2 protein chains.
Amino acid sequence: MADFLTKKEDNYSQWYNDLVIKADLAENSAVRGCMVIKPYGYAIWEKVQSELDKLFKQTGHVNAYFPLFIPKSFFSKEAAHVEGFAKECAVVTHYRLKNDPDGNGVIVDPDAKLEEELIVRPTSETIIWNTYKNWIQSYRDLPLLINQWANVVRWEMRTRLFLRTTEFLWQEGHTAHATKDEAEEETRKITDLYTHFVQDFMGIPVLRGIKSESEKFAGAVETQAIEALMQDGKSLQAGTSHFLGQNFAKAFDVRFTDKSGKQKYVWSTSWGVSTRLMGALVMAHGDNNGLVLPPNLAPIQVVIIPIYKGDSQLDQLSETAIRIKNELENLGIHVKYDDRDTHKPGFKFAEYELKGVPVRLAIGPRDIENGTVEVARRDTLTKEIVNQEGISLYIKDLLEEIQKSIFSKSLKFRDENIFSVDTWDQFKETLETGGFILAHWDGTAETEEKIKKETKATIRIIPFDSVEEIGKCIYSGEPSKKRVVFARAY
Amino acid sequence: MADFLTKKEDNYSQWYNDLVIKADLAENSAVRGCMVIKPYGYAIWEKVQSELDKLFKQTGHVNAYFPLFIPKSFFSKEAAHVEGFAKECAVVTHYRLKNDPDGNGVIVDPDAKLEEELIVRPTSETIIWNTYKNWIQSYRDLPLLINQWANVVRWEMRTRLFLRTTEFLWQEGHTAHATKDEAEEETRKITDLYTHFVQDFMGIPVLRGIKSESEKFAGAVETQAIEALMQDGKSLQAGTSHFLGQNFAKAFDVRFTDKSGKQKYVWSTSWGVSTRLMGALVMAHGDNNGLVLPPNLAPIQVVIIPIYKGDSQLDQLSETAIRIKNELENLGIHVKYDDRDTHKPGFKFAEYELKGVPVRLAIGPRDIENGTVEVARRDTLTKEIVNQEGISLYIKDLLEEIQKSIFSKSLKFRDENIFSVDTWDQFKETLETGGFILAHWDGTAETEEKIKKETKATIRIIPFDSVEEIGKCIYSGEPSKKRVVFARAY
């Protein structure tokens, strides 16, 4: 066990911070609330990007790029958007620096004040719908299925690496449709796509459903979300897909001529996931030795470490190691052969455990004699001796097995931590141990607000697949027709 | 010829603007100087990114991400950097909006003023070297070979799509080395890498060399650049690679312990290319019909268009078209089959010419009878009838041939437009027709400045491979040992 990590059981929050930093994923920068994503963390993010991007393109989406800056007045155009969206934004007011006449470096040039302030985008609905206005005239221009990979800024008072940072990286999809049905279908299609990605690539099971009115995106008609359970029993919103109705089309006057020649407002959606997913990846699978990366997103899937004394032994081992490396790479597996002579094997073992590399191969002189390799799994921390012959296919299967196993373990944990409760006392008690709580709610924002105030629990989702069931709101006792999912959340 | 494009010969500048907009590459946004990169333009940029990224990784570089914002005081730390770097920057002074008490949307909250203003990065040397300080202690931490893909902002008064925009996308490499030699080697390695990319992917020949003292990057010891000649005879700086000496290491106090235990300052480089390359791609190869894309960067390499009357004929053609499409895709070629029934073949032909698709296949009923396809080349606008049998390998070879041919044509143009001149009159006269001018210069900034003022020509590079040659400065008549390259430039 890595003794430089706080134990998960002792202080989960500190364990998370330690791990993000020690595993070289990210660190705080000189700018309050903004992080530096370090090369190893960024390599994982690149895998996330690349896999998601493939899924977007497979479903007919294309990428584009819209301005970083949004004129302040744009925010006021959609009433609910400006009212509900946090106003903590970075505001650009000037466009020039000048040398300080007193010789103290540079100062802001007061003569270079902008007529209208620019907001660093916290999300791009407004600038994008202002642009779509010129792109959409006829039904032939629809649907418009566009995604953007970008940085966004939301001024946060309390930040945590990946989970809540002032600047973060994300993708934001913005689609335009001729009909309500089509936009609703798109909203759900993306929720399904996110579910597929988070479950099958990140190895994290999710609950899916609709956000309550208080929790939905400002400007949306409906917000769908996927929620994942972290190991401390708190929920993390892993992605959202918004059905925006005609709200932004009306705010920016985006109309099209339909087949019959009638002018109609366009229907729309928006959806996004962010570097927050990196936090989920750490928190869902990590242990006291470090990260546990699912093979589908691991920048290094297999590491090979030689156990040797002296250069001539290393040469002999290297021949075998490189042969195995090449075999694995031919199967499309990412392999690192770590033959550094500056570090001992034990150090390397700990390092790759910390970094969550799914499979470690160790080869020593005895392995050369016996034609074997020691294969260690990061997720279970188990080891076995395997014949070199056929090793590459064996590893390929093993990586698939690990991917499944990581998901199964998370799923088991998640399922063991879904509780159905019927009384307020039970509710509060269950919250202390954590997990998802299925409970009846009277459907009012007032009750939701009171529950949040008293317990910090929020309604994470109203499940898509909830069955009708007559019950009473755990808080107000008023009648309720279905259970919703409560949890404390990141 | 596309009659909605201004003719190149009539007004090159207008032709460029028309083309960028009509070919759906980019457009101006609601924010002054910021562009929207449209899906087709962005697809080309994604190809640029992906190919460059591979080259960076093959040469041992990794990606990371640093903050968008830089504290104002950081800029003052490196004296030449703050002095020489343009001070036209976007300045963030506040971090919150609030509802206007008069009910007019939102206003900047005066209570949310930042203690220190933040600058939206115009380039990231300062924030990165402030970060590297914590990453580098020992020679074991070196070299650090990091690249970042990011947006940057430089407030520009006169902007042109891709060529000069307030916000643009780029990559910036920032490397740290133990020795001067190694940093110098890296600087040149990147110049070579950029040369390879621009010549072999973009199909544009470049001249390479060193910038004069006046033209070098603020904070660099030496700036290397690649310069490409556009069809109007103006030069475009396509990429720069800076040897920064120990300037930023000293400014941010970044030292390491070498093998002998001594503390030394780190040596460094930085280098970048940007969405400006998109402008070069348009201007270097485009013609009066539209874009001419080199196959290596074309999002669609081959388009197949059926020539048919009625649905049953289309079905028959589609069978063949889809078979050919699959064959081509199996060879890794990007193919679009355009069977839209909303547009006539002639419209489609013009559209794909405008968009620069390298190869167009047309299949009509007679082709089905004869087992043929009509193959049209975008670069030469030539057509030929080719047998369906073996078509995929034929097209594969043709794409390679087009890639080479586009480069050769540009190279021929470039070579025909390099002029060696020896008098001031000749110099001014030659400038009017455009091209690269090889001329003697006395080596002083004064002369360089005067030449620029009188003619708008600048020293683009001092060539790496220039031969020693005794001569006299075309302007001052003072002695000179080698010729440098002058041109008017974008």
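**The interface and the rest**

A: Start with the contact between chains: 54 residues of chain B are in contact with 54 residues of chain A. Contact means that C-beta atoms, placed from the backbone, lie within 7 Å.

Q: Before we go on, what kind of model is this?
A: This is a predicted model; local features need pLDDT of at least 70, side-chain atom pairs count only at pLDDT 80 or more, and totals for chains, interfaces and linings use all residues. Residues are numbered from 1 along each chain as its sequence is written, and chains are lettered from A and ligands numbered from 1 in the order in which they are written.

Q: Why say the copies meet through the same surface?
A: Because 100% of the interface residues of chain B are also interface residues in chain A.

Q: And what rotation superposes chain B on chain A?
A: A rotation of 180°, with 0.0 Å of shift along its axis and an RMSD of 0.0 Å. That is the relation of a two-fold axis.

Q: Which residue of chain B comes closest to the rotation axis?
A: B:Val92, with its C-alpha at 2.1 Å. A:Val92 stands opposite B:Val92 in β5(B). Strand β5 (residues 91–94) of chain A pairs with strand β5 (residues 91–94) of chain B, antiparallel, over three bridges. Pairing takes at least two bridges found by DSSP. Strands (E, at least two residues) and helices (H or I, at least four) are DSSP runs, numbered from the N terminus.

Q: Switching to sheets. What is the strand order of the open sheet in chain B?
A: Eleven strands, in the order β3-β9-β10-β16-β13-β12-β11-β24-β27-β23-β22, with mixed pairing. The edge strands are β3 (62–63) and β22 (418–420) of chain B, each pairing on one side only.

Q: How many bridges join β24 to β27 there?
A: Three, between β24 (residues 458–463) and β27 (residues 483–487) of chain B, which run antiparallel. B:Ile459 stands opposite B:Phe486 in β27(B).

Q: Now chain A. How many helices and strands?
A: 13 helices and 27 strands. The radius of gyration, over C-alpha atoms, is 26 Å for chain A, close to the 23 Å that the globule rule gives for 490 residues, so chain A is as compact as a globular protein of that length. The rule is 2.2 Å times the number of residues to the power 0.38.

Q: Is A:Trp45 buried or exposed?
A: Buried, with 24 C-beta neighbours inside 10 Å. Buried needs 20 or more other C-beta atoms within 10 Å, exposed 12 or fewer, partly exposed in between, with C-beta atoms placed from the backbone. A:Trp45 is in helix α2 (residues 39–58) of chain A.

Q: What does A:Trp45 touch?
A: A:Ile37, A:Leu169, A:Thr275 and A:Met278, not counting residues up to four places away in sequence.

Definitions and conventions: Contact = placed C-beta atoms within 7 Å. Least-squares fit on C-alpha atoms with pLDDT ≥ 70 in both.
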